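Here is a friendly walk through how two chains meet. Have a look at the model first, and then read on.

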Number of protein chains: 2
Amino acid sequence: MEFSSKLLENAVYEMSQLPGIGKRTALRLVLHLLGQHKDQTNRLSFALQQMRSELKYCKSCHNISDVDLCEICANTSRNDRLICVVEDIRDVMAIESTGQFKGLYHVLGGKISPIDGVGPSDLNIDSLVQKVLDKNVDELIFALSSTMEGDTTNFYIFRKIESAEITVSTIARGISVGDELEYADEVTLGRSILHRIPFEQSLKG
Amino acid sequence: MEFSSKLLENAVYEMSQLPGIGKRTALRLVLHLLGQHKDQTNRLSFALQQMRSELKYCKSCHNISDVDLCEICANTSRNDRLICVVEDIRDVMAIESTGQFKGLYHVLGGKISPIDGVGPSDLNIDSLVQKVLDKNVDELIFALSSTMEGDTTNFYIFRKIESAEITVSTIARGISVGDELEYADEVTLGRSILHRIPFEQSLKG
């Protein structure tokens, strides 16, 4: 791509550093900004810079927060002895939007993945283990994605806290609500039979 | 979407103002920036702001440029009496990358489109007409997209410069090089038969 302007080229280059944004998309986005009022570009730039420099992580659950202790951890009406372990903040948002969970979260910040160079020390595991060993937790719910890395991470944490003798559970895997059985993959269908629940219980959900 | 941070929410909101970027994509992009070094966000913000505030348009062809007269217009080895009329700067880049055009461009900045509220006065048409009437042009090539709006714009300009009696041409429409006839649409195929060229001429391209 040949640019008639260094300023444009630079803006397109920086934009194309974002994941999933190629050079052509970046050019389209940048030209869009050029066609809009100057304020829009300024607001975007300022919002990104302010977020990157001022954003904090909750000192308890490592969720993104504007204050030291996030809204969820600071909410005294929630059960602070029930902890849901998730990968990142998007999972917190997803679970919160269900309205089904009234405990607290613990955001690991990723999964153990040797292939990506992510070891246990790169994640917020120590503070979770400490919480459990300090007898501050009754139940831990693993809500990591159901991949090799997720399972490894679950198992690593489980081994670390085994001695504490608390309840450790994992979210249910099964056929999505509304899905046809014939299109489900075998592993999921197999698990949903293996972990079947009493019929009366299913009526409550 | 419920955010645990106003800073994050604001950044996601501004990002999602870009065309084709929804809330979910915006969140993914913003979280990506959070995971990278602070410098990346600063570079992106600065590049966008600098581009938006300092970018100029060439005073002759209205192409984007860092200086008053763009590189193409300033290049004395190009034929400045042959003008290719295009919609926007992406078209200039596309034609430049073919290496087949040695004249200058005129960037209209859009097409006449009453439905989008774009009239002739919103485009760089007057300066083009002036160039022609000042007898500075031998040939005008219309290279607008082949839509109702493109055709309207071509015709509007044509009527304005008719009296100047210069050569006015339009880029050839036809089957793409390498395409199978059976998959071409009828209009394109029809035009490519109507505007057939001598076989010997096709050997040169």
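## Two chains and their interface

In chain A, the C-alpha centres of domain 1 and domain 2 lie 35 Å apart. These domains cover residues 6–54 and 75–171 respectively, with bounds that come from an automatic or database domain assignment.

A word on the ground rules: this is a predicted model, in which local features need pLDDT of at least 70, side-chain atom pairs count only at pLDDT 80 or more, and totals for chains, interfaces and linings use all residues. Residues are numbered from 1 along each chain as its sequence is written, chains are lettered from A and ligands numbered from 1 in the order in which they are written, and side-chain values use heavy atoms, with hydrogens and water left out.

Now to the interface. In chain B, 50 residues are in contact with 50 residues of chain A (contact means heavy atoms within 4.5 Å). The area buried between the two chains is about 5100 Å², and carbon and sulfur atoms give 68% of that; buried area is the accessible area (1.4 Å probe) that two parts lose on being put together, summed over both. Leu7(B), Leu34(B) and Arg52(B) supply 14% of the area that chain B buries against chain A, more than any other three residues.

Which charged pairs bridge the chains? The rule finds two salt bridges across the interface, where a salt bridge is a side-chain nitrogen of Lys or Arg within 4 Å of a carboxyl oxygen of Asp or Glu.

| Salt bridge | N to O distance |
|---|---|
| Arg43(A) and Glu14(B) | 3.1 Å |
| Glu14(A) and Arg43(B) | 3.1 Å |

Glu14(A) sits in helix 1 (residues 6–15) of chain A and Arg43(B) in helix 3 of chain B, so this pair joins two chains. Helices here are DSSP runs (H or I, at least four residues), numbered from the N terminus. Over all chains, the structure holds 14 salt bridges.

How do the copies relate to each other? The same surface serves both copies, as 100% of the contact residues of chain B recur in chain A.
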